[in-house]
Amino acid sequence: MKIERPHKDAATLNATVQAVIDDVRLRGDAAVREYEQRFDHVCLDRLKVSDSELSEAEAAVAPELKDALLLAHHNIKKFHEAQRFEGKKIETQPGVTCWQKAVAIERVGLYVPGGTAPLFSTVLMLATPAKIAGCNDIVLCSPPSHEGKLHPAILVAARIAGVNNIYKIGGVQAIAAMAYGTESVPKVYKIFGPGNQYVMAAKQIVSLHDVAIDMPAGPSEVAIVADETANPAFVAADFLSQAEHGTDSQALLVTTSKTMLNDVESEIERQLQSLPRKTIAAESLKHSKLVCVDTIDHAMDIINEYAPEHLILAVSDYMSVAEKVKNAGSVFLGNYSCESAGDYASGTNHTLPTSGYARAYSGVSLDSFIRKITFQELTPEGIRNIGPSVAVMAHNEQLEAHKRAMTMRYETISQK
């Protein structure tokens, strides 16, 4: 069974995105300002967030939200600090020693969606591991409001995570500005962050040249596997929490119980009525699915084929079922592990592969912000041990200079 995802025509989408990228690359800040006026409906004199705007934001955020941000930052920091790489020196042969060293990417760009919902949680998810990794320059872009401001919580989250190089730029123009640099925005080496299909296309296009990206992250999605022990109200709430992200989000329920399917369907309709983002969620529900299957094994076959960004296992024996997961971005186990926990404050990263890319990509982690450089040291003993093999292999690949580089050393130490 194949579940189709919502998508726009790729050719039209890519052509539109490419035109914006080319314009920003050519005209820099001027093009960025024009696209901000066209897409975000705001006229900006200055693209970078000022110190006074940062101070103003600090005063505007309620204490309980600041406390929540601090708690989330603590948990995210704790989880990602545990991922630090410790390279070991390995002697592969006597006299041949090899090792790896983790080095931070010097300049990274973080894209934080604004749009219909300001995702200040994404600031913590991206900036926290970037700081732990030791990235020297962290550039953050996010779309401004019609008043030319970023949401105060985005700025407070940036302060908590230690980022102050912040720009009021959204969408494709933000990705282009970070990829190629403008008069105001520094060029970065790698771009991180989720977004809509335009942002995803922009990231993929710029990654074909001289900037890396975290992953092709696009519209958000959740899959839920539920048996007869699940709580229909919980499942419906999880379903709708995904649907309210955006009109192109998708939620999928695969259940072994027809009763559960019917109960969840009723709960979705009931809970939908009281959502402030009801219109958005309702549009998303048009391409969301509720599926009933005979067995959990069949359910997991569908899940692994779909490769969801988020996967909730609302089943009795969830630890056993978790062993069957092959393709997923982040997995939530049992009736009480809601996706919202991972989205905000459990500590795991919420920047995850979508659109089936979980088959080949991991979510953002500390490793995403570092490079591992290999080192090797050969002593004369090492030359004696691997020199002949290197020479034979180089000769058989018809690379005479490679062979000579080794044999000259081998002959030198043989004469001593």
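Helices (H or I, at least four residues) and strands (E, at least two) are taken here as DSSP runs, numbered from the N terminus. The model is predicted, and local features need pLDDT of at least 70, side-chain atom pairs count only at pLDDT 80 or more, while totals for chains, interfaces and linings use all residues. Residues are numbered from 1 along each chain as its sequence is written, and side-chain values use heavy atoms, with hydrogens and water left out.

At 48% relative accessibility, Ser 266 counts as partly exposed; the scale sets buried at under 20% relative accessible area, exposed at over 50% and partly exposed in between, with a 1.4 Å probe and protein chains only. A distance of 17 Å separates the C-alpha atoms of Ser 266 and Gln 242, which are 24 residues apart along the chain. Glu 267 also has its place in H10, but this residue counts as buried, at 17% relative accessibility. If residues up to four places away in sequence are not counted, Glu 267 touches Pro 232, Ala 233 and Ala 236, where contact means heavy atoms within 4.5 Å.

The interior may be considered next. In soluble globular proteins, nonpolar side chains tend to be buried together. A nonpolar core is a set of buried Ala, Val, Leu, Ile, Met, Phe, Trp, Tyr and Cys residues joined through side-chain atoms within 4.5 Å. The largest such core has 42 residues, of which Val 108, Leu 110, Leu 124, Cys 135, Leu 140, Ile 166 and Phe 369 touch the most other members. Two or more residues come from each of helix H3 (51-60), helix H4 (63-81), strand S3 (107-111), helix H5 (120-133), strand S4 (137-142) and helix H6 (152-161). The greatest contribution is that of H5, with 9 residues. Ile 166, leaving aside its neighbours within four places in sequence, is in contact with Leu 47, Lys 48, Val 49, Leu 54, Leu 140, Leu 150, Leu 155 and Ala 158. A second, separate core comprises 34 residues, among them Val 20, Tyr 35, Ile 169 and Tyr 180.

Thr 122 is likewise found in H5. Its relative accessible area is 0%, and Thr 122 is buried. Beyond residues up to four places away in sequence, Thr 122 touches Tyr 111, Val 112, Pro 113, Pro 194 and His 350.

The packing of two helices can be described through their axes, which are lines fitted to C-alpha atoms over the stretch in contact, with angles running from 0 to 180 degrees between N-to-C directions. The axes of helix H1 (residues 10-27) and helix H8 (residues 197-206) come within 9 Å and cross at roughly 65 degrees. H1 and H8 are therefore roughly perpendicular to each other, a class that covers 65 to 115 degrees, with angles under 35 roughly parallel, over 145 roughly antiparallel and the rest oblique. Residues of H1 in the contact include Leu 13, Val 17 and Ile 21, and those of H8 include Tyr 198, Ala 201 and Ile 205.

His 41, although not a glycine, has a positive phi of about 55 degrees; its place is in the loop between helix H2 (29-39) and H3. His 41 is exposed, with a relative accessible area of 52%.

Ser 355, also not a glycine, has a positive phi of about 55 degrees and lies in the loop between helix H14 (339-344) and strand S13 (370-378).
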